[in-house]
Amino acid sequence: MKKIPASCINQVVQPRPPESHKGTFGRVLVIGGSAQFGGAAIMAASAAVYSGAGLVSVATDPVNRTALHARLPEAMVIPYDDPEVKKLIPTMDVVAIGPGLGTDELAATILTRALEALTESQTLIIDGSAITLIADRQLAVTHAKTVWTPHQMEWQRLSGITIKDQDEHSNQQAAAKLPGTVIVKSHRTQLFTPTTSYENPLGTPAMATGGMGDTLVGILAGFTAQFGLNDAALCAAVYAHSAIAEALAKTNYVVLPSALIQQLPQYMQQAATTRA
């Protein structure tokens with residue numbers, strides 16, 4: 001298993017072309033945020049915006065509209081049960097589904113409709129509730145350009161491997177049965193792509209707070225929207241997430257996802273300047 005090097009950020013994040021526009025940097029749709037867990041979708045969308053995605057839309061429970069507009073006026077919003085969502089999905093570069101979605105019948109219907117509306121060229125990120133729904137209901141996912149982001153309990157549900165038995169070998173074998181890349185979040189997050197496996201050397205217990213995984217989803221969405229779906233972009237997103245957290249943890253007992261998100265533009269600018 002390869003260690004993700006610090007240089008991955010400089011290799012991926014690059015200065016923006018002078019002649020560019022918001023469409024140049026990708027379109028992201030976040031689907032999630034039930035009435036109870038609206039913050040998850042807001043954090044994922046915020047991380048996508050702050051990591052540089054050109055256009056970000058959120059399909060969420062209508063009750064979250066005011067909070068989303070107040071917190072993130074840069075994002076567009078649509079009710080997640082609106083039939084227009086199915087038409088919106090094919091216009092996106094990246095679709096991230098699951099943060100705060102819930103696991104009830106409505107959530108299952110939203111997930112099924114989203115999977116049906118995807119096109120082959122799009123990147124799909126499956127997180128949180130969507131992983132649980134897929135595992136519990138044995139839903140088939142065949143989309144090749146998929147990124148799975150389970151924490152260890154969600155990975156147990158999806159793979160059948162108990163947390164105590166989750167090691168590099170067993171995880172790799174289980175990941176190979178799924179389309180795309182699996183990112184198993186833990187103290188030392190592991191990535192299993194179709195060809196290689198990686199381990200993130202960074203991470204801090206200060207990250208152990210609600211919303212941190214949603215934030216990673218947004219960074220992954222922002223990075224893949226701009227830099228493409230490839231090992232380098234995925235590794236850089238995972239590394240950036242932890243690197244910013246480690247820097248904040250030097251002076252903070254706990255790292256709030258919202259504080260991490262705020263640091264993304266500066267961190268990426270430093271990386272781009274170093275590359276240049």
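**Close-up 1. Thr215 is buried because its relative accessibility is 0%.** Buried means under 20% relative accessible area, exposed over 50%, and partly exposed in between (1.4 Å probe, protein chains only). This is a predicted model: local features need pLDDT of at least 70, side-chain atom pairs count only at pLDDT 80 or more, and totals for chains, interfaces and linings use all residues. Residues are numbered from 1 along each chain as its sequence is written, and side-chain values use heavy atoms, without hydrogens and water. Thr215 sits in helix H9 (residues 212–227). Helices (H or I, at least four residues) and strands (E, at least two) are DSSP runs, numbered from the N terminus. Leaving out residues up to four places away in sequence, Thr215 touches Met43, Ala47, His241, Pro257, Leu260 and Ile261. Contact means heavy atoms within 4.5 Å. From Thr215 to His241 is 26 residues in sequence and 8.1 Å in space, C-alpha to C-alpha.

**Close-up 2. Strand S5 (residues 94–97) has buried residues pointing both ways.** Val94 and Ala96 point one way, Val95 and Ile97 the other. S5 runs parallel to strand S2 (residues 27–31), joined by 4 bridges. Pairing requires at least two DSSP bridges between two strands. Ile31 stands opposite Ile97. S5 also pairs with strand S6 (residues 123–127), parallel, over 4 bridges. Here Ile97 stands opposite Ile126.

**Close-up 3. Helix H8 (residues 168–175) buries Ser170, Asn171, Ala174 and Ala175.** These residues lie on the same side of H8, because they cover an arc of only 130 degrees around the axis. The arc is taken from the directions from the helix axis to the C-beta atoms. Their cover includes helix H7 (152–159), strand S8 (181–184) and strand S9 (190–192).
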